[in-house]
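Dear colleague,

Please find below the structure that I am handing over to you. My findings follow it, and I would be grateful if you read them with the structure open.

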Amino acid sequence: MGDIPNFFISQPRTINGAPMFKKKIGFDEFNELAVAENTFSLMWFNDYSGTAIKTHEKTIVIDPVDIVKGPRPDMILISHSHFDHYDARVVETLRQKETVIIASKEVRIEGAKSIGVGDVIQEDGIRIFAEKSVHPGEMPLTFVLELGNSVIYHAIDSQTFDGMREIGEKYKPDVAIVPIGIAPSTSPDAGARAVQLIRPKVAIPHHAKRGFEEFESKVGELAPETKVVVLRKGEIYTYSAGMP
Ligand SMILES: [Zn+2]
């Protein structure tokens with residue numbers, strides 16, 4: 001038996017440049033990451049809204065599905081009950097004794113704090129604001145996360161709506177994570193229009209298997225002052241307050 005060249009072992013298979021890690025996605029690098037103050041690191045880990053965020057002190061996981069292990073979260077956020085956003089088994093797997101779970105009112109998890117549009121929950125210096133989502137479902141949410149000096153707007157799988165302009169003006173997000181596919185009325189173009197309304201410094205496309213390049217070029221037309229960061233699954237992006 002000949003040796004298998006290393007290339008074939010270490011090279012992930014890809015669809016449109018995004019590695020197909022799915023359930024095998026590795027969190028080791030993320031877990032060991034040391035994050036400076038006024039900085040956060042962010043990782044997208046499935047085809048949907050699955051996002052892990054790490055600050056100097058805390059780890060937050062949003063809508064974890066399609067993983068069998070992950071970081072030890074101080075906080076888990078659940079936007080709505082659709083299967084691509086909420087999997088009770090994954091929540092139970094990730095959950096530690098002290099993990100604070102914040103979930104849309106439509107999601108029933110024992111010990112979780114319920115949150116609805118307009119509500120704010122403050123935990124350990126992190127503020128979570130629940131905002132509107134235009135998406136089928138009972139009470140779907142989008143989230144604003146205030147992490148010290150930085151603000152992230154996570155648009156989950158909402159379609160683009162006019163109120164995103166007010167969300168942009170109110171919170172002035174540094175980073176916006178916008179959907180560009182899979183959910184109703186989402187697309188690379190719609191995602192770029194969301195960026196145009198929100199006007200973040202950095203835009204990260206998600207909730208898609210393809211269309212990343214299209215999104216990037218459309219943002220270049222509609223919101224040239226926003227920098228697009230296309231994350232491959234499992235890749236870590238680090239943002240420091242005040243960037244870019
Ligand atoms: Zn949904």
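Two strands are said to pair if DSSP finds at least two bridges between them. The model is predicted, and the description that follows should be read accordingly.

By that criterion, 7 strands form an open sheet with mixed pairing, in the order S9-S10-S11-S12-S13-S14-S15. Strand S9 (120-123) and S15 are at the edges with a single partner strand each, so one side of each has no neighbour in the sheet.

Strand S11 (residues 141-147) pairs with strand S12 (residues 150-154) in the antiparallel sense over 5 bridges. Across this pair, Leu145 stands opposite Ile152 in S12, and Phe143 has His154 as its bridge partner. The hairpin of S11 and S12 has 2 residues between the strands, and Gly148 takes a positive phi near 60° there.

S12 is covered on both faces: Ser150, Ile152 and His154 are buried on one side, and Val151 and Tyr153 on the other. S12 also pairs with S13, in the parallel sense over 3 bridges, and His154 stands opposite Ile177 in S13. From S12 the chain crosses through helix H4 (residues 164-171) to S13, in a right-handed β-α-β crossover.

Turning to helix H6 (residues 212-222), Phe212, Phe215, Lys218 and Val219 are buried. Viewed down the axis of H6, its buried residues fall within an arc of 125°, so they line one face of the helix. Gly220 and Glu221, on the other side of H6, are exposed. The cover over the buried residues of H6 includes helix H5 (188-198), strand S14 (202-206) and strand S15 (227-228).

Yours sincerely

Key:
Residues numbered from 1 in each chain as written. Predicted model: local features only at pLDDT ≥ 70, side-chain atom pairs only at ≥ 80, totals over all residues. Buried ≥ 20, exposed ≤ 12 C-beta atoms within 10 Å, placed from the backbone. Helix = DSSP H or I, 4+ residues; strand = E, 2+ residues; numbered from the N terminus. Arc of directions from axis to C-beta. Contact = placed C-beta atoms within 7 Å. Right-handed = clockwise from strand over helix to strand, strands pointing away.
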